[in-house]
Amino acid sequence: MKKLNYGYIRPIVSDQQGIQQLQGLSVDVLFTETHGLAKKRTELEHLLMEAQKGDELFFQNIEVVADSLQQLLDILRLAERDQIKLHFIDEQLTNQTIQSSTLLESAEFFMNIQSTFLSHSSTFTLQAAKQQGKSIGRPRKSDDNLQLAFSMYDSKKYSLFEIKEATGISKSTLYRYLDDRSTTLNNKEDQ
C-alpha cells in the first residue's frame with residue numbers, strides 16, 4: 001500500500017484565510033477546516049481516521065493541529081500508536097524530535113505553545129461571539145447611573161465610597177468615565 005503525505009489547514013490567528021499554510025505544504029491529500037474554533041474539527045477527525053501506518057502528516061505549526069496541550073498529547077499518542085509521522089513546519093519538529101528533547105527544552109516548548117493555544121482560542125471565540133451579535137466585555141453602565149455619579153462627584157459633597165454605594169460605579173470605573181468626559185469636552189473646545 002502506497003504511503004501518503006497528508007496536509008491539514010485551518011484558520012489560525014496569524015493566517016485566518018489559510019494562504020500561508022497552503023504555501024508551506026506539498027502533499028498528496030489536503031484536509032481543510034473552515035473555522036478556527038476548538039469544537040467540531042471534523043476535517044481533523046477525518047484526517048486522523050484516514051491516515052495509516054507509515055503515512056506522514058504535515059502542519060504549518062502546532063497551533064494548526066491542536067487547541068490545548070491535552071489535545072496535542074492525544075494526537076501525539078495516536079500518531080505513535082498508529083506509526084504516523086507528524087511534521088510541524090514552522091517549529092521544524094516532528095513527533096519523534098519532540099520525544100527526544102530534554103526536560104528543560106520540553107518545558108520551555110510547552111510553555112510557549114500553551115500561550116499560543118490561549119491566544120488562538122480567545123481570538124476565535126471573540127470573533128464568533130461578535131458574528132453572533134453578542135457584546136464583548138463588561139456591560140456599559142447605564143446613562144442614568146453615570147449622570148448621577150457625575151453630579152455627585154461634581155458637587156464635591158460625596159465621598160467616592162458614597163458615589164459607589166449610590167450608583168454601583170467603582171472608583172476606577174468612575175475615573176475612567178471622568179477621563180472620557182474630559183477628553184470629549186476638550187475635543188469639542190478645540191473644534
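Modeller: Let us begin with a term: a residue is buried under 20% relative accessible area, exposed over 50%, and partly exposed in between (1.4 Å probe, protein chains only). This is a predicted model, in which local features need pLDDT of at least 70 and side-chain atom pairs count only at pLDDT 80 or more, while totals for chains, interfaces and linings use all residues. Residues are numbered from 1 along each chain as its sequence is written, and side-chain values use heavy atoms, with hydrogens and water left out.

Colleague: Are Tyr8 and Phe59 buried or exposed?

Modeller: Tyr8 belongs to strand β1 and Phe59 to strand β3 (residues 56–59), 51 residues apart. Strands are DSSP runs of E with at least two residues, numbered from the N terminus. As for accessibility, both Tyr8 and Phe59 are buried.

Colleague: What kind of aromatic pair do the rings of Tyr8 and Phe59 form?

Modeller: Rings of Phe, Tyr and Trp (its six-membered ring) pair if their centres lie within 6.5 Å; planes under 30 degrees apart count as stacked, over 60 as edge-to-face and the rest as tilted. The centres of Tyr8 and Phe59 are 6.2 Å apart and their planes stand at 65°, so the pair is edge-to-face.

Colleague: Which residue forms one aromatic cluster with Tyr8 and Phe59?

Modeller: The search of the whole structure finds four aromatic pairs. The cluster that holds Tyr8 and Phe59 also includes Phe88.

Colleague: How many residues apart in sequence are the parts that the pair of Tyr6 and Phe31 ties together?

Modeller: Tyr6 and Phe31 form a tilted pair, with 6.0 Å from centre to centre and 45° between the planes. Both residues are buried. Since Tyr6 lies in strand β1 (residues 5–9) and Phe31 in strand β2, the pair ties together parts whose separation in sequence is 25 residues.

Colleague: Is Leu30 buried or partly exposed?

Modeller: Leu30 is placed in strand β2 (residues 29–32). Leaving aside neighbours within four places in sequence, Leu30 is in contact (heavy atoms within 4.5 Å) with Gly7, Tyr8, Ile9, Leu22 and Leu25. Because its relative accessibility is 37%, Leu30 counts as partly exposed.

Colleague: What is the relative accessible area of Thr94?

Modeller: Thr94 is found in strand β5 (residues 93–94). Beyond its neighbours within four places in sequence, Thr94 is in contact with Lys85, Leu86 and His87. Thr94 is buried, and its relative accessible area is 12%.

Note on methods: Helix = DSSP H or I, 4+ residues; strand = E, 2+ residues; numbered from the N terminus.
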